[in-house]
Amino acid sequence: MTRMARSAATVDPFAELDAPASASPARPGRVRRFWSAVWPQLAAIALGLFIWQVLVWLHWRPSYVLPAPEAVLARLVKDSTTPEFWGAVFTTLRRAAVGYGIALAIGTLFGIAIARARLLRAAFGALITGLQSMPSVAWFPLAILLFNLSESAILFVVILGAAPSIANGIVAGIDHIPPLTLRAGRVLGARGPAFYRYVILPAALPSLMAGFKQGWAFAWRSLMAGELLVIIGGQASVGVRLEFAREFSDAEELLASMLVVLLIGVLVDVVLFGRLDRGIRERRGLVEQTA
């Protein structure tokens, strides 16, 4: 009996938990982590190009309507060597940054106000959801009537397309904060602006980031619709290049411009929102830190 007790005493069920951090398996190198994150996206791009090429081989549409991927990519490389191309990209990115920045400020302030005030939510909650569900194109007749064919008309629609989505994301994030967290903040003395700064916003941050990301998607879609409908003389943009390619039946230029729109959207999602989202999850212990 004593021998069995000794053998049981030598077995420590928490030995693995108490093991030093150095005993954990080594993390993969930077190159390996980068490759593991990139190869699924490269595989998806390759699959899309292959399906596109198969449609060309099957002569689903004439080559002047659906050119081969090789021809479109060659056209995109050729365009990227001209200053007009980068000027158009810069104009589109500037409009996206300004419109989204204003929408972010308006949507954040409005969402915080509605989330914590029952009267405001009763008055404007359904209205914000209705605004979010409205197609961006539906705003352009009013925008052109108010601002004529100008950049203000485009920014007007971009803001109306993104701000309701951001506000809804903030309201949803604040609604899902555990009541225990709110009570703990009050017990610790958080009141007024400090309650939002140190309790509400940090607790709702993951949901807020989802709302910001969705707001960017609405802003980018609204901007592309605006540049197709509101053409301002002397201001080339990606949308203008897309519209002119359609008018001149230049399928290669049209598809190359569509690839530019797609690439910008993907890069913003991966480089900006992807890194921010991963940083938030790392600080909360939801994923392994890369540092």
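Let me start with a term: a residue is buried if its relative accessible area is under 20%, exposed if over 50%, and partly exposed in between, using a 1.4 Å probe and protein chains only. By that rule Trp-216 and Trp-220 are both buried.

Some background before going on. This is a predicted model, in which local features need pLDDT of at least 70 and side-chain atom pairs count only at pLDDT 80 or more, while totals for chains, interfaces and linings use all residues. Residues are numbered from 1 along each chain as its sequence is written, and side-chain values use heavy atoms, with hydrogens and water left out.

Back to the two tryptophans. Both sit in helix α10, residues 205-229, and they are 4 residues apart, about one turn of the helix. Helices here are DSSP runs of H or I with at least four residues, numbered from the N terminus.

How many aromatic pairs does the structure hold? There are 6. Rings of Phe, Tyr and Trp, the last by its six-membered ring, pair if their centres lie within 6.5 Å; planes under 30 degrees apart are stacked, over 60 edge-to-face, and the rest tilted. One of the pairs is Tyr-100 with Phe-273: the planes are at 85° and the centres 6.3 Å apart, so this pair is edge-to-face. It links distant parts of the chain, since Tyr-100 is in helix α4 (residues 83-116) and Phe-273 in helix α12 (residues 251-283), 173 residues apart. Tyr-100 is buried at 11% relative accessible area, and Phe-273 is buried at 5%. Trp-216 and Trp-220 also pair, and that pair is stacked, with 20° between the planes and 5.5 Å from centre to centre. Tyr-100, Trp-216, Trp-220 and Phe-273 together form one aromatic cluster.

Next, Ala-219, also in helix α10. It is buried, at 3% relative accessibility. Which residues does Ala-219 contact, leaving aside its neighbours within four places in sequence? They are Tyr-100, Val-158 and Ala-162, where contact means heavy atoms within 4.5 Å. Ala-219 and Ala-103 are 116 residues apart in sequence, and their C-alpha atoms are 8.4 Å apart in space.

Two arginines lie over rings. The test is that CZ of Arg, or NZ of Lys, is within 6 Å of the ring centre and within 35 degrees of the ring normal. Arg-61 lies over the face of Trp-60, 4.2 Å from the ring centre, and Arg-221 over the face of Phe-218, at 5.4 Å.

Now helix α12 and its contact with helix α3, residues 69-79. Their axes come within 9 Å and cross at roughly 70°; axes are lines fitted to C-alpha atoms over the stretch in contact, with angles from 0 to 180 degrees between N-to-C directions. The two helices are therefore roughly perpendicular, the label for 65 to 115 degrees, with under 35 roughly parallel, over 145 roughly antiparallel and the rest oblique. Residues in the contact include Leu-73 and Leu-76 from α3, and Leu-255 and Leu-259 from α12. The contact divides into 8 nonpolar, no polar and 4 charged residues. Nonpolar covers Ala, Val, Leu, Ile, Met, Phe, Trp, Tyr, Cys and Pro; charged covers Asp, Glu, Lys and Arg; the others, Gly among them, are polar.

Last, Ala-251, also in α12. Ala-251 is buried at 13% and touches Tyr-64, Val-65 and Pro-67, not counting residues up to four places away in sequence.
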